[in-house]
Amino acid sequence: MMTLLEGLLLGFAYVMPIGAQNLFVIHSSMTNETTESFKISSFVILMDISLALACYFGIGFFVNKFPIFALILQVFGGLYLLKIAVSLFKASGTIDTSLAKRDNLASLRSAFVLTWMNPQALVDGSILLGSFNSKTQTSSHLFILGVCLASMTWFYSLTAMMRIFHTKLNSKRLKAINIICGIVLFYLGATLLFSALTKVGGV
């Protein structure tokens, strides 16, 4: 039971910091209907859990062994984040109901890119989760279960909270949310690209 709790606590610490995933869920929940919001959250959870499992079982080794793979991830991930940021900067201060008609494949693709196209997350996750894998080998299933439960609990709770408060939105507040999310995503994307360019320049 203690191993499950450790996994739960680590899982919360891993997903709660504001990053691309959380911003995606927040903005989607603010601009979509409830059913669509929870569907997108489910896609993010699916990608997040798949990344956690991959890190737990050692994908970081693959990233470290083949630097070109990490470089490709950084470039595509960075460009995708910049694309989203620019679209948020251009967005008006009104709720875009067309987002609710977004097809499942597009939502799943966005969740995949925002989760997996970050080699730093792969390496950090591998180090963090891998270290606990070696510590909890006899009850590893309970530990990773806790991590997965934390992901589900956090993203569904975040979605529910955003849906509760979405009625308080006006055009000015929505515009502010777009700009804040856009700035953070632009920064994350630029950071990935700068890191990639630095590596290329160092070769």
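This is a short exchange about how terms are applied to a predicted model.

Colleague: What are the ground rules?

Modeller: The model is predicted, so local features need pLDDT of at least 70 and side-chain atom pairs count only at pLDDT 80 or more, while totals for chains, interfaces and linings use all residues. Residues are numbered from 1 along each chain as its sequence is written, and side-chain values use heavy atoms, with hydrogens and water left out.

Colleague: Why is Asn32 called buried?

Modeller: Buried means under 20% relative accessible area, exposed over 50%, and partly exposed in between, with a 1.4 Å probe and protein chains only. Asn32 has 5%, so the residue is buried. Its place is the loop between helix 2 (20-31) and helix 3 (34-56); helices are DSSP runs of H or I with at least four residues, numbered from the N terminus.

Colleague: How many aromatic pairs are there?

Modeller: The count is four. Rings of Phe, Tyr and Trp (its six-membered ring) pair if their centres lie within 6.5 Å; planes under 30 degrees apart count as stacked, over 60 as edge-to-face and the rest as tilted.

Colleague: What makes the pair of Tyr56 and Phe143 stacked?

Modeller: The ring centres are 5.8 Å apart and the planes stand at 20°, so the pair is stacked. This pair links distant parts of the chain, with Tyr56 in helix 3 and Phe143 in helix 8 (residues 140-165), 87 residues apart. Tyr56 is buried at 2% relative accessibility, and Phe143 is buried at 0%.

Colleague: Which values describe the pair of Phe112 and Trp116?

Modeller: Phe112 and Trp116 are stacked, at 6.3 Å centre to centre and 20° between the planes. They are four residues apart in helix 6 (residues 104-116), so about one helical turn separates them.

Colleague: How many salt bridges does the search find?

Modeller: The whole structure has one salt bridge. The term requires a side-chain nitrogen of Lys or Arg within 4 Å of a carboxyl oxygen of Asp or Glu. Lys39 and Glu36 meet at 3.1 Å, N to O. Both lie in helix 3, three residues apart, about one turn of the helix. Glu36 is buried, with a relative accessible area of 9%.

Note on methods. Helix = DSSP H or I, 4+ residues; strand = E, 2+ residues; numbered from the N terminus.
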